[in-house]
Amino acid sequence: LLTDKSGPASLPAEDISANSNGPKQDSLFDDDPEDLFAEATEEVSLDSPEREVLLSDGPSPAITPITPPTSVITPKTCSDPFLLTLYSCFLKIEEEEGGDSFDMHISVSDPEKVGDGMNAYMAYKVTTKTSMSLFKTDEFSVKRRFSDFLGLHSKLASKYLHIGYIVPPAPEKSIVGMTKVKVGKEDQSSNEFVEKRRSALERYLMRTVKHPILLKDPDVLQFLESSELPRAVSTQALSSAGLLRMVNKAADAVNKMTIKMNESDAWFEEKQQHFENLDVQLRKLHASVESLVCHRKELSVNTAQFAKSAAMLGNSEDHTALSRALSQLAEVEEKIDQLHQDQANADFYLFSELLGDYVRLITAVKGVFDHRMKTWQKWQDSQLLLQKKREAEAKLQFTNKPDKLQQAKDEIKELEGKVQQGERDFEQISKTIRKEVSRFEKERVKDFKMIIIKYLESLVQTQQQLIKYWDAFLPEAKAIS
Amino acid sequence: MFHEVGGGGGGGGGGGGGGGVTDLTVRQGANQSAEEGASWLYTFIIGVVGLFVDLPPTMTSSIDESSKEKMRSVSVDLNHDASLLIDIPDALCERDKVKFTVHTKTTLSSFQKPEFSVPRQHEDFIWLHDTLVETEDYAGLIIPPAPPKPDFESPREKMHKLGEGEATMTKDEYTKMKQELEAEYLAVFKKTVQVHEVFLQRLSSHPTLSKDRNFQIFLEYDQDLSVRRKNAKEMFGGFFKNMVKSADEVLISGIKEVDDFFEQEKTFLLDYYSKIKDSTAKAEKMTRAHKNIADDYIHVSATLNSLSADDSTANKKHLEKLADLFEKLRKVEGRVASDQELKLTELLRYYMRDIQAAKDLLYRRARALADYENSNKALDKARLKSKDIPQAEEHQQHCLQKFDKLSESGKKELTSFKGRRVVAFRKNLIEMAELEIKHAKNNVTLLQGCIDQLKNN
């Protein structure tokens with residue numbers, strides 16, 4: 001988190017506090033002055049190998065290794081509320097070095113159905129705990145509904161995406177899932193849907209506030225703090241605004257195909273290819289893990305069925321000791337089926353959702369690259385237009401139309417300004433993207449490592465429980481005589 | 001001791017097909033370190049020669065005695081009597097047909113040679129079983145259940161699907177999936193060998209059945225047995241007999257049982273059969289789910305490897321470790337599945353069939369009882385008419401004798417059957433629990449190792 005506070009990559013971790021480059025508390029959130037790559041863009045030529053070193057994706061030694069919380073899954077806590085704390089544990093990140101720290105924890109909890117019928121909605125409690133001076137108090141909560149989150153994202157996207165910031169995408173809408181909840185089905189799948197959504201909303205908020213720029217945004221602050229929020233109606237899936245968005249998306253896609261950019265910067269080409277590959281692989285991995293979740297759930301169900309069958313067999317058995325052993329086997333298998341169910345949840349909430357989140361995040365990253373292309377296109381268009389105007393002006397020199405000539409000269413001046421602005425915009429977005437990508441990659445590596453470790457620990461827990469259960473059964477089996 | 005089938009397309013009759021050479025050279029050795037205990041680990045080295053078009057390939061496998069000892073999990077106390085030792089050391093799988101090599105070692109003078117081997121097909125085993133069932137003298141015995149037909153349908157179908165989906169996976173993934181399927185194929189193959197072997201060993205260890213003439217012919221006759229096997233007419237007769245038997249099932253519920261022991265056994269066996277049949281099916285579903293999970297791990301591992309290959313950061317090593325971990329985990333998961341299948345599913349399946357055989361004994365006895373009661377009625381009628389009394393009396397005596405003999409033998413058989421069943425269940429449940437613990441511990445070590453590596457990077 002917050003990698004912007006180190007010097008060159010070769011500095012050892014311990015030097016942090018002594019590092020004069022490290023920004024202080026508030027300036028942490030400033031954009032340009034502490035620009036990590038300021039040096040890079042001004043002093044080093046675009047394709048020099050030195051630049052690569054500074055922009056490398058290796059983990060910044062400014063970050064000390066973070067030890068994940070040592071809490072592990074225990075059987076009695078293996079139920080959905082537990083997983084909520086498990087995942088929140090992961091998201092609570094604390095930097096240990098002295099000085100600045102991102103100390104903020106958001107939790108989304110207490111889903112509550114408000115209203116009836118098709119107008120009903122789920123209200124979630126959003127609680128922020130923080131020690132940062134940005135906020136008035138260090139703990140506060142508000143009530144928000146799903147469309148509020150979408151509205152927040154929509155605003156952030158419109159403000160920041162086109163200038164190169166990777167805005168975390170909001171969780172996906174689900175008409176089917178939500179309809180079930182509205183209609184009032186109090187069943188397993190509705191509960192799972194609500195829990196899945198709650199967890200996703202929480203991750204969304206945490207990712208958003210971990211972004212140093214977005215955290216400062218007034219919309220974000222208002223979202224977290226203010227008790228009343230104007231309803232975001234344009235986020236409805238089947239609204240006119242929604243349809244408009246779809247049309248725009250399609251138009252964008254077509255445009256993207258027709259832009260042929262002269263990429264002079266190998267870094268961007270390389271990164272784009274990198275994200276393409278990553279996208280493909282992550283989607284594949286996500287699909288495999290989803291299949292794993294499905295099969296694990298199946299195993300749980302099959303084990304439960306077997307347990308029942310074994311119990312019946314035990315009842316039918318007329319040899320006393322064997323009958324008892326079979327009943328014990330049935331009990332063991334019943335416990336094991338619960339174990340598999342819990343593991344399936346861990347498979348899903350830790351591994352599968354992580355991958356799903358990153359598939360969506362990478363789409364946002366690709367979007368940001370597309371915006372850069374558009375910016376370039378705009379700049380080129382202005383240049384072309386300027387050239388045309390200049391040619392027209394040259395022609396006008398030979399005619400005797402002083403008014404038209406003056407008009408042409410004015411237009412040229414305006415266009416020259418536009419071209420300069422276009423170039424500045426392009427350079428700015430390129431710079432921003434470099435920073436963002438570097439931050440994103442570091443975040444991604446850390447994210448994965450932390451969650452994978454948590455996931456592996458869940459697998460360890462399951463196996464250790466299995467050992468316990470079978471160990472308890474063994475004497476029962478041996479007691480058959 | 002191992003056996004190789006090498007060479008090109010020849011291999012066996014079915015090898016031709018659509019231009020695909022399906023030749024599998026299977027060498028296998030069994031690892032038996034002391035701490036393995038009842039589990040068996042096989043290392044297979046499979047080299048595929050030529051295009052892999054269709055299955056089954058030509059496969060032979062030789063299994064040495066001590067590893068077979070471990071495989072023989074469902075029945076105990078077989079094949080210890082040195083006077084007649086039978087085993088199936090070799091089997092050849094061609095297309096759909098399995099050829100078993102039945103090897104006998106004996107000190108009995110009733111056989112021509114002290115040691116000999118003959119090739120036999122599955123149908124030969126069925127013939128032997130059916131002749132034993134139809135032998136009047138054995139009506140009071142539990143005839144060991146016939147081994148089920150070798151069924152390679154499941155892995156074959158999966159292999160077909162894999163072939164179709166080849167384009168969607170990496171080379172590494174495809175290779176691993178294929179290995180898994182080949183292992184599954186081999187497992188089915190081994191199971192069928194075991195089940196046929198156990199059938200013969202049950203016969204050889206039975207005091208009465210081991211002396212059966214047809215059994216001897218089965219073991220000894222060095223020509224093809226198919227001439228002696230059922231011809232169409234006989235088969236029809238057998239079919240008819242099965243139909244009559246189900247009518248008997250209805251009959252049994254109406255017969256008044258005179259003996260408490262048999263009354264109890266009947267109630268117990270009827271109920272137990274349906275329960276164990278259900279348990280077998282459910283256990284099978286559990287095993288299949290484990291196998292699916294193992295397959296998922298293959299895909300996860302392969303994709304992690306691809307991610308690692310594309311990655312140029314320090315993350316690369318993490319991904320490699322993780323890919324490696326999942327590859328190891330899937331092997332363990334695969335073993336969990338196969339051990340569970342062997343110790344639980346196969347156990348249940350075997351005793352389901354054995355209980356059917358015990359039920360058959362009860363049916364035969366019930367028929368004998370019905371016959372006896374009918375003969376009583378006939379005797380009464382004869383006495384009334386004062387006609388054919390001696391015949392009727394003789395018939396009645398004959399029925400009574402038959403019934404008594406059946407009851408006496410039946411009681412012995414059913415009692416020893418229960419003992420056998422309890423012992424087998426005990427052994428297998430213990431072994432299954434031990435194996436589950438072993439695999440879980442293995443998993444913990446693998447996982448913990450990876451976690452530590454990731455944390456300490």
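The following questions and answers walk through a predicted model of two protein chains.

Visitor: How many helices and strands does the secondary structure of chain A come to?
Guide: Chain A has 481 residues, of which 51% count as buried. Among its contacts with a separation of 6 or more, 75% are between residues 24 or more positions apart. The secondary structure of chain A comes to twelve helices and three strands.

Visitor: And what percentage of the residues of chain B count as buried?
Guide: The secondary structure of chain B is made up of nine helices and six strands, and of its contacts with a separation of 6 or more, 75% join residues 24 or more positions apart. Of the 457 residues in chain B, the share that counts as buried is 53%.

Visitor: What is the area buried between chain A and chain B?
Guide: The size of an interface is often expressed as the accessible area that is lost when the parts come together. Here the contact draws 57 residues from chain A and 62 residues from chain B. Carbon and sulfur atoms give 71% of the buried area, and on the side of chain A the residues that lose the most area are A:Phe306, A:Leu313 and A:Trp470, together 11% of what that side buries. The whole area buried between the two chains is about 5300 Å².

Visitor: Which helix gives the most to the side of chain A that touches chain B?
Guide: Across this interface the rule also finds 20 residue pairs in polar contact. On the side of chain A, helix H10 (266-316), helix H11 (320-397) and helix H12 (402-478) each supply at least two residues. By class, that side has 30 nonpolar, 15 polar and twelve charged residues. The helix that gives the most, with 23 residues, is H10(A).

Visitor: How far apart do the end C-alpha atoms of residues 405-432 of chain A lie?
Guide: An unreviewed UniProt entry lists residues 405-432 of chain A under "coiled-coil region". In the model this span is 100% helix and 0% strand. Its end C-alpha atoms lie at a distance of 40 Å.

Visitor: Is A:Glu476 buried or exposed?
Guide: A:Glu476 is found in helix H12 of chain A, and, leaving aside its neighbours within four places in sequence, it is in contact with A:Arg324, A:Ala325 and A:Gln328. Its relative accessible area is 18%, and because the cut-off for this class is under 20%, A:Glu476 counts as buried.

Visitor: What is the relative accessible area of A:Asp217?
Guide: A:Asp217 is found in the loop between helix H7 (212-216) and helix H8 (218-225) of chain A. Not counting residues up to four places away in sequence, A:Asp217 touches A:Leu156, A:Lys159 and A:Tyr160. A:Asp217 is buried, and its relative accessible area is 1%.

Visitor: How far apart in space are A:Ala157 and A:Trp376, C-alpha to C-alpha?
Guide: A:Ala157 has its place in helix H4 (residues 146-160) of chain A, where it is buried with a relative accessible area of 15%. Leaving aside its neighbours within four places in sequence, A:Ala157 is in contact with A:His162 and A:Val167. A:Ala157 and A:Trp376 are 219 residues apart in sequence, while in space the distance between them is 20 Å.

Visitor: What is the phi of A:Asp110 near?
Guide: Most residues other than glycine have a negative phi. A:Asp110, which is found in strand S1 (residues 104-114) of chain A, counts as partly exposed at 42% relative accessibility. Its phi is a positive value in a residue other than glycine, near 50 degrees.

Visitor: Where in chain B is B:Asp388 found?
Guide: B:Asp388 has a positive phi, near 55 degrees, and is a residue other than glycine. With a relative accessible area of 44%, B:Asp388 is partly exposed. The place of B:Asp388 in chain B is the loop between helix H8 (315-385) and helix H9 (389-455).

How values were computed
Residues numbered from 1 in each chain as written. Chains lettered and ligands numbered in written order. Predicted model: local features only at pLDDT ≥ 70, side-chain atom pairs only at ≥ 80, totals over all residues. Heavy atoms only, no water. Contact = heavy atoms within 4.5 Å. Buried area = accessible area lost by both parts, 1.4 Å probe. Polar contact = N/O pair within 3.5 Å; in protein donor to acceptor, adjacent residues only side chain to side chain. Helix = DSSP H or I, 4+ residues; strand = E, 2+ residues; numbered from the N terminus. Nonpolar A, V, L, I, M, F, W, Y, C, P; charged D, E, K, R; others polar. UniProt positions renumbered as here; feature names shortened; annotations may be inferred. Buried < 20%, exposed > 50% of the residue type's maximum accessible area, 1.4 Å probe, protein only.
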